[in-house]
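Colleague: Thanks for making time for this one. Could we go through the fold together, question by question?

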Amino acid sequence: MSITPECTPRQDLPAQDVPAPDLPYSVFARACPSRTTLEHVTGRWGALTLGALHEGSLRFNQLRRRVDGVSEKMLSQTLHALERDGLVHREAQPTNPPRVDYELTPLGREVAERLLALIQCVEGRMDEVLAARARYDAARGAR
């Protein structure tokens, strides 16, 4: 694997912000492919899809019902991106009608577990978030 200059960590960042020197990728570099994968994982539909699939293998319509609000088109695009990144495995079974199941790969499971920790943190602190929003809105409305 060749490391392009666009993916090497910036040396002008503070030490705590520079990735370990043995890591060839940096999401902070504009042209680094890791940034695209991060977008797939942390986007609204990617995060929810990975979280839903952490519960186990699901068919497309089961997944669509689980990820409330996602359109067929967006779910399809999300699944393609996650499959391309190696996070989701698509299993098409030659039945009539065709059956397609989606499940996490080992890499996808690791990423989903980290996402779920973040999701649980956000859900657990929503009272604080809502209070902060109310304070912010009240301060902005008072001007």
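Colleague: Among contacts in the chain between residues at least 6 apart in sequence, what percentage join residues at least 24 apart?

Modeller: Happy to start there, and please keep in mind that this is a predicted model. The count takes in contacts between residues at least 6 apart in sequence. Within that set, the share joining residues at least 24 apart is 41%.

Colleague: What part of the chain counts as buried?

Modeller: The cut-off for buried is a relative accessible area under 20%. Of the 143 residues in the chain, the part that counts as buried is 27%.

Colleague: Which element gives the largest share of the largest nonpolar core?

Modeller: This core holds 21 residues, and Leu50, Leu53, Leu63, Leu79, Val88 and Tyr102 touch the most other members. Two or more residues come from each of H2, helix H3 (60-66), H4, strand E3 (99-104) and helix H5 (106-124). In general, nonpolar side chains tend to be buried together in soluble globular proteins. The largest share here is 5 residues, and the element that gives it is H2.

Colleague: How many charged residues does the contact of H2 with H5 have?

Modeller: From H2 come Ala47, Leu50, Gly51 and Leu53, and from H5 come Arg109, Val111, Ala112, Leu115 and Leu116. Sorted by class, there are 7 nonpolar residues and 1 polar, and the charged count is 1.

Colleague: Which residues does leucine 63 touch, not counting residues up to four places away in sequence?

Modeller: Leucine 63 is one of the core residues that touch the most other members. Once residues up to four places away in sequence are set aside, its partners are Thr49, Ala52, Leu53, Leu58, Leu75 and Leu79.

Colleague: Is serine 34 buried or exposed?

Modeller: Serine 34 sits in helix H1 (residues 33-42). Leaving aside neighbours within four places in sequence, serine 34 is in contact with Tyr25, Ser26 and Val27. A polar atom of the serine 34 side chain lies 3.4 Å from the backbone nitrogen of valine 27. With a relative accessible area of 19%, which is under the 20% cut-off, serine 34 is buried.

Colleague: Why does threonine 105 count as buried?

Modeller: Threonine 105 lies in the loop between E3 and H5. Not counting residues up to four places away in sequence, threonine 105 touches Gly86, Leu87, Val88 and His89. Buried means under 20% relative accessible area, and threonine 105 counts as buried because its relative accessibility is 18%.

Colleague: Is the peptide bond from asparagine 96 to proline 97 cis or trans?

Modeller: Proline 97 belongs to the loop between strand E2 (88-93) and E3. For the bond from asparagine 96 to proline 97, omega is near 0 degrees, and the bond is cis.

Colleague: One last residue. How far apart in space are glutamate 83 and glycine 108, C-alpha to C-alpha?

Modeller: Glutamate 83 is in helix H4 and counts as partly exposed, at 32% relative accessibility. Not counting residues up to four places away in sequence, glutamate 83 touches Val88 and Arg90. Glutamate 83 and glycine 108 are 25 residues apart in sequence, and from C-alpha to C-alpha they are apart by 9.3 Å.

Definitions and conventions. Residues numbered from 1 in each chain as written. Predicted model: local features only at pLDDT ≥ 70, side-chain atom pairs only at ≥ 80, totals over all residues. Heavy atoms only, no water. Helix = DSSP H or I, 4+ residues; strand = E, 2+ residues; numbered from the N terminus. Buried < 20%, exposed > 50% of the residue type's maximum accessible area, 1.4 Å probe, protein only. Polar contact = N/O pair within 3.5 Å; in protein donor to acceptor, adjacent residues only side chain to side chain. Contact = heavy atoms within 4.5 Å. Core = buried A, V, L, I, M, F, W, Y, C linked by side-chain atoms within 4.5 Å. Nonpolar A, V, L, I, M, F, W, Y, C, P; charged D, E, K, R; others polar.
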